[in-house]
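These are my notebook entries on one protein chain. I set down in turn what I looked up.

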Amino acid sequence: MLGGVTTPQDLDDRFRETLAALPAAERRRDPADPITDDAPLTGAQVLDLFDAQVTSRQLDLAGRWLRSFGEGFYTIGSAGHEGNAAVAAALRPTDPALLHYRSGAFYCLRAAQSAAGPASTSAPGPVADAPVTGGRGSTADAPVTGGRGSTVDAAATGDRGSTVDAPVTGGRGSTVDAAEAGDREPSTGSAPTAAETTTGPDPSAPELAPTSVGGFAVYADAARDVLRGMVASREEPIAGGRHKVFGRADLAIVPTTSTIASHLPRAVGMGLAVERLRRLDSAGRRTGAGVRVGSGAGDAPVPWPPDAIVVCSFGDASVNHASATAAFNTAGWYDHAGLRIPVLFVCEDNGLGISVRSPEGWVEATLRAKPGIRYFSADGADPVRTYEVAAQAAAWVRRNRRPAVLHLRTVRLMGHAGADAESAYRSPAELAEDLDRDPVAATARLLVDAGVATGEELLTRYDETGWQVRRLAEEVLGEPKLTSAADVVSALAPRRPVRVARAVADAAARASGPCAGARAEAFGGKPPELTGPMTLAQSINAALADGMLDHPQMAVFGEDVAAKGGVYGVTKGLRDRFGPARVFDTLLDETSVLGLGLGAGLAGMLPVPEIQYLAYLHNAEDQLRGEAATMRFFSQGAFRNPMVVRVAGLAYQEGFGGHFHNDNSVAVLRDVPGLVVAVPARPDDAAPMLRTCLASAAVDGSVCVFVEPIALYHTRDLYADGDGEWLAGYPEPGAWVAGHVPVGRARVYQVGSADDLTIITFGNGVRMSLRAAAVLAEEGVGTRVVDLRWLAPLPVADIIRESSATGRVLVVDETRRSGGVGEGVIAALVDAGYVGAARRVAGVDSFVPLGPAARHVLVSTEAITDGARTLLAR
């Protein structure tokens, strides 16, 4: 039967043979009774698991069928991983979940929980502090071990009702770690406290959804969702034909599009935010099952209950990814520091990353070694123990608000995807061994052995589900696809400038009206508009403070931003004003900093993370590209992650740095669809631009990157020492509306007649170009200096208008000649049919060296002046 590879036909035939060979039990068991004498699940509940698993299996078979005639576009399936249905059953349907691409059974089970209505939702409160039952009718004060494939690594019980001090193990691959004790010191190795040794199912976990005869009715919507994703139907409810993902807002399933661990840092951020919001007790912030935060524009209810936990799943190969390492480390770091991160990591271990094997024992050793993260394990082919251990893990995380990992051993059937020829790297014996551990067959065997059903009855359910799935597949084939570029990008990143402007106006009204007293108090009785001219850094600091006052859900965080006030003092004093819960230092890892921001934004906060230097952003850029920018795109706006990322960047620091502290490359940012990239050059632009970014994030869910030119932070002068021309006053709230800077609008400076030359630039180039324009004015040349201010989206209309006014354009680009901003400006001119003269002055294609050598590769005032003269001489 095994022709060197498990085909859909092989798998179907083998399943049928298995069911046909199952001998009927001597007596029938009432489905309302436990499936075995001490099991935490009834026969009816295991039958629900079977139906979810079968629906997922039939979806995999349908995906291969659709692909066989060119109508299916996604064949990575869940066959062999259907044990994750029991994990879904152990959680509440309101626990936010970020699922990897082998989560079909989890998705189906959760959809069934939701379809079952209020009866399937969790009890209103968290798990009680007292120990809960480990098995049916027995109470255990510590984790217990059961059958094959599970263990709980803490002081555990041996026989029912007896306690032993040493950890014990059950069968193959089972453990539960004991080194997690104490409320704030999880790594001490001391014995667990009574509050931490809860075992058994969560008493307030949801019941599995009741199903109809044949089992498919409550899974039909989920099956249709998945099939629509496979055929790229625009009717698919989460991504609308843009990708095949598991996601639905009403199921609290957040779509993840590249599940090679890149979603794990976001999960940690969600856990941190859920716990922070849970602790909010201010009046009006709790509404029903969710949490409402803030009073500013765009505030929205958080859709998860206060005691929710975050679950994220991933494969064994992903354990090795840098993003996974960052997430585990951050969760453990915060746990060690005494902060709460209620996240349940679920590692589904089939032993393979496409064709690369995980070395025997490596995944377990790796997961056990993570400090601050409690370890649980189970065999995914044993649905009862998987449910029991998953419920233990979920209850532990929910009560203690601390991270844990569930190591779920699985198999992979039908290969990685449809085009995967397993015979190239796996033997027939290996494939046969995996088929012997088919989790759907294992659940069927349990049901038959217990007398809940016969093999023939289960095969009837299997065939009925297969027929229904095939019928749905034929229906969705005729549904419309995305038919234009406009359709594709419609969900990418909304731009609603009128609403953003209104949000700024509302903030101004609050700051000068009902919140004026609180604002004056926050600024120590002297608001920033009364302090005199400011530098760029001071203006940003004041605008951050005003943002914190207007957005109670806003948090500022990053390396060194709190106690130190930032490397350059930009966040100085904010922690003292707003407290450590809203202004805090993070560990030194940019992936984790952005991951915290992504999760916090998704949970309802307005995160403002800082990346200390632009060069360090490249360590973590996929958190912006693959996670942040795709969220609205692949959820049609059902989910969003508003965020304003502050980045100290660009070059020209005198006497300091070299490449890492003078990075002049922003190409990776401008390449991300939907990302807003702002570069303020002057103090009087910095504050209104930051207000715009905050409002855009709150109103539109925008992901904004606010690049702050380091060399201009403390600059005071423009033309001569002591002239103070680079300083500016901070506007009072009554002037915020008039000074509003919309996304994608440039600023124009006119020097002299302004009729001869247009210089288009940004950042440090603005100051250098104004100095060059002053020199040219002495030569009788009138110049328009256009500060782009926004690098994405570019202010194209302003570029065209100001270029056409003179017919001569000099693009001054402090980034590199290749891949720099100037290329985009020139392309915009060409696309618009500009027919005048144009020239570029740009940085050399080089990293920035240390010391005076930097002057050889960076743009200078002299180079701008010479470039202008050359252009004028044409």
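**Entry 1: a loop residue.** I began with Val737, which sits in the loop between strand E20 (703-709) and strand E21 (747-751). Helices (H or I, at least four residues) and strands (E, at least two) are DSSP runs, numbered from the N terminus. The model is predicted, so I noted that local features need pLDDT of at least 70 and side-chain atom pairs count only at pLDDT 80 or more, while totals for chains, interfaces and linings use all residues. Residues are numbered from 1 along each chain as its sequence is written, and side-chain values use heavy atoms, with hydrogens and water left out.

Is Val737 buried, partly exposed or exposed? I recorded Val737 as partly exposed, because its relative accessibility is 49%. The cut-offs are under 20% relative accessible area for buried and over 50% for exposed, with partly exposed in between (1.4 Å probe, protein chains only).

**Entry 2: another loop residue.** Pro852 belongs to the loop between strand E26 (837-843) and helix H27 (861-872). I listed Pro852 as exposed because its relative accessibility is 56%. From Pro852 to Glu654 the C-alpha distance is 8.8 Å, although the two are 198 residues apart in sequence.

**Entry 3: helix H4.** I found twelve residues in helix H4 (residues 104-115), with 16 Å from the first C-alpha to the last, close to the 16 Å expected at 1.5 Å a residue. The expected span is 1.5 Å times one less than the number of residues. Ten of the twelve residues of H4 are buried, among them Phe106, Tyr107 and Leu109. Which elements cover the buried residues of H4? I noted several, including helix H2 (43-68), helix H5 (220-230) and strand E9 (310-315).

**Entry 4: strand E13.** All six residues of strand E13 (residues 374-379) are buried. Arg374, Phe376 and Ala378 lie on one side, and Tyr375, Ser377 and Asp379 on the other. E13 runs parallel to strand E14 (residues 404-409), joined by six bridges; two strands pair if DSSP finds at least two bridges between them. Phe376 has Leu406 in E14 as its bridge partner. With helix H9 (residues 383-400), E13 and E14 form a right-handed β-α-β unit. Right-handed means that, with the strands pointing away from the viewer, the path from the first strand over the helix to the second runs clockwise.

**Entry 5: a sheet.** I traced an open sheet of seven strands with mixed pairing, in the order E16-E15-E17-E18-E20-E19-E24. Its edge strands, E16 (583-585) and E24 (790-792), each pair on one side only. Within the sheet, E15 (residues 554-558) and E17 (residues 606-611) pair in the parallel sense over five bridges, and Ala555 stands opposite Pro607 in E17.

**Entry 6: the cores.** How many residues does the largest nonpolar core have? I recorded 146, and the residues with the most contacts inside this core include Phe345, Leu669 and Tyr713. A nonpolar core is a set of buried Ala, Val, Leu, Ile, Met, Phe, Trp, Tyr and Cys residues joined through side-chain atoms within 4.5 Å. Helix H23 (residues 683-700) gives the most to this core, with nine residues. A second, separate core has 84 residues, including Leu11 and Phe246.

Technical notes
Contact = heavy atoms within 4.5 Å.
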